[in-house]
Amino acid sequence: MRRRFALLIVCMAFATMQWARAEGGSISLRPPGTVEAGNAFAIQTTGSGQAILYIVGLGQVIRRNVQLGETTSFPAGVLYNAGHYVAILVAGSNTYNTAFDVVPASRPTSLSFLARPSRLSVGLHDGISGCVYIFDAYHNLITAPTSVSFKLSNPSGAAQERAVVTHDGAAWTAVDSTAKEGVDKFEAQVDGVSSTRVVEQVPGDPCGLKMSATQSGKELELATSPVRDCSGNAVPDGTVVTFTETYNGAQSTVDVPLKRGIAQVEMPVHDGATISVASGVVMGNEIHWR
Amino acid sequence: MMTRIRSVLVIFFVFVVPAAGWAEHPAVRVEPSNLHGPRTLQKETATAVIRDYLQSWQSLSTALEQNSAELLDQDFVGTAKDKLTGTMHEQAALGIHTRYRDRAHDLQIVFYSPDGLSIQLIDNVEYDEQIFEHDNVLTMQRVHARYVVVLTPTETRWRVRIFQAEIE
């Protein structure tokens with residue numbers, strides 16, 4: 001009798017353990033390993049009864065009431081911020097969790113494109129730089145290597161093109177400013193998405209600055225030839241040209257802005273004087289007057 | 001090689017030792033920069049960027065624990081700030097808060113844009129994550145993640161503009 005009672009107790013204890021294991025151990029959740037940002041996905045649960053499902057990450061937090069044993073579906077557009085997430089199932093006083101990742105969508109939809117400078121002289125090697133970061137529709141940085149096409153084009157149709165592959169979502173390039181002044185377009189393009197910046201190219205420093213002198217009574221009339229840069233672009237009016245007359249140890253200087261492409265001034269005539277012309281650091285010719 | 005080791009040690013003492021005021025400060029290792037941009041990175045700039053980035057973890061941790069988005073203002077800007085602010089609003093609405101404690105950072109600056117207006121770094125970070133529903137701990141775990149981070153300069157400091165975990 002005692003043996004039967006002991007056996008009954010052991011059997012009951014074993015059955016209780018099995019039941020407890022079935023209740024507690026049968027609950028689980030299985031999210032996908034990775035979810036593409038903004039895509040629909042589902043989390044499968046096992047067990048029975050009601051529970052609360054949390055999805056928690058630095059980018060988003062979501063809560064759902066779920067029926068254990070069923071699949072909980074999340075439609076497109078619900079979980080969209082890339083990052084590391086934890087799915088937590090709260091069933092009574094027990095919790096079960098597992099981690100998964102949301103990865104950026106593969107299709108780019110926007111670019112952050114910075115081009116510098118917005119204004120520069122013509123003919124500068126690698127004078128213009130562009131830097132781009134690529135994002136999906138949810139502003140996630142697309143870190144998979146992606147080809148970016150950079151193009152600098154001027155109104156005449158001439159273009160410089162570069163193809164660059166991103167590293168961790170970023171790409172950059174440098175191009176030369178063109179020989180001709182004007183407003184150029186600098187475009188970055190990725191998979192049909194583009195962003196354009198305007199780069200104004202202005203004439204460079206004067207090149208081959210040359211003046212001539214003509215006597216008019218007690219004055220010397222000094223005038224430059226039309227002032228151009230080394231690419232032949234007219235240097236803009238307002239650029240200052242400096243005339244310097246040195247005579248008998250004395251020096252007089254006159255600054256004159258370009259007007260209609262030339263600079264002109266009158267200075268006193270002195271036999272033996274030396275007259276020079278310059279614009280900024282660019283020296284022109286000298287005249288020795290006799 | 002010695003210079004690299006010395007830089008790692010210098011950065012360790014610059015960042016870790018002063019951080020001893022924290023209850024538990026993270027270990028910080030800074031790898032030599034591996035830049036794919038044309039711009040030279042000055043040591044002072046690298047030091048400032050890393051200092052400001054590490055501080056951003058402190059404000060992130062406090063902000064998410066208190067669900068207080070204004071605590072992000074000093075260290076986050078743009079997309080990163082918007083997303084973290086959204087997360088805090090969602091947490092608050094659901095009655096949960098989270099505690100993030102960074103344990104170790106392995107940092108490398110990988111890109112300095114030609115215009116000097118952005119710096120990208122990779123952080124292989126280890127942190128503890130605790131999730132609370134009101135005062136009950138729902139889960140607690142240690143996470144290893146690779147973060148891609150972009151910082152941009154503001155008036156007085158570098159702020160985090162992109163802050164995104166990647167699959168390791």
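Predicted model: local features only at pLDDT ≥ 70, side-chain atom pairs only at ≥ 80, totals over all residues.
A:Asp168 sits in the loop between strand 13 (159-165) and strand 14 of chain A, and B:Arg146 belongs to strand 4 (residues 136-153) of chain B. With a relative accessible area of 17%, A:Asp168 falls under the 20% cut-off and so counts as buried.

## The rest of the interface

How many residues of each chain are in contact? For chain A it's 37, and for chain B it's 41. About 3,300 Å² is buried between the two chains, and carbon and sulfur atoms give 63% of that. On the chain A side, the residues that lose the most area are A:Leu58, A:Val61 and A:Trp172, together 23% of what that side buries.

Polar contacts link 17 residue pairs between the chains. Several strands of chain A each bring at least two residues to the side that touches chain B, among them strand 4 (50-57), strand 5 (61-67) and strand 14 (170-175). Strand 7 of chain A gives the largest share, five residues. Sorted by type, that side of chain A has 19 nonpolar, 14 polar and four charged residues.

## Salt bridges inside chain B

B:Asp75 and B:Arg157 form a salt bridge, N to O at 2.8 Å. The two are 82 residues apart: B:Asp75 is in the loop between helix 2 (43-66) and helix 3 (78-94), and B:Arg157 is in the loop between strand 4 and strand 5 (158-166). Buried or exposed? B:Asp75 is buried, at 2% relative accessibility, and B:Arg157 is buried too, at 13%.

B:Arg142 and B:Glu126 meet in another salt bridge, at 3.3 Å. This pair runs from strand 4 to strand 3 (residues 119-133) of chain B, 16 residues apart. Here B:Arg142 is partly exposed at 46%, as is B:Glu126 at 21%. Shared partners also tie B:Arg51, B:Asp52, B:Asp75 and B:Arg157 into one salt-bridge network.

## A buried serine in chain A

A:Ser177 lies in the loop between strand 14 and strand 15 (182-190) of chain A and is buried, at 5% relative accessibility. Its side chain reaches two backbone nitrogens: that of A:Leu124 at 2.6 Å and that of A:Gly123 at 3.0 Å. Other residues that A:Ser177 touches include A:Leu120, A:Val122, A:Ile128 and A:Gln201.

Note on methods. Residues numbered from 1 in each chain as written. Chains lettered and ligands numbered in written order. Heavy atoms only, no water. Contact = heavy atoms within 4.5 Å. Buried area = accessible area lost by both parts, 1.4 Å probe. Polar contact = N/O pair within 3.5 Å; in protein donor to acceptor, adjacent residues only side chain to side chain. Helix = DSSP H or I, 4+ residues; strand = E, 2+ residues; numbered from the N terminus. Nonpolar A, V, L, I, M, F, W, Y, C, P; charged D, E, K, R; others polar. Buried < 20%, exposed > 50% of the residue type's maximum accessible area, 1.4 Å probe, protein only. Salt bridge = Lys/Arg side-chain N within 4 Å of Asp/Glu carboxyl O. Lists of a residue's contacts leave out its neighbours within four places in sequence.
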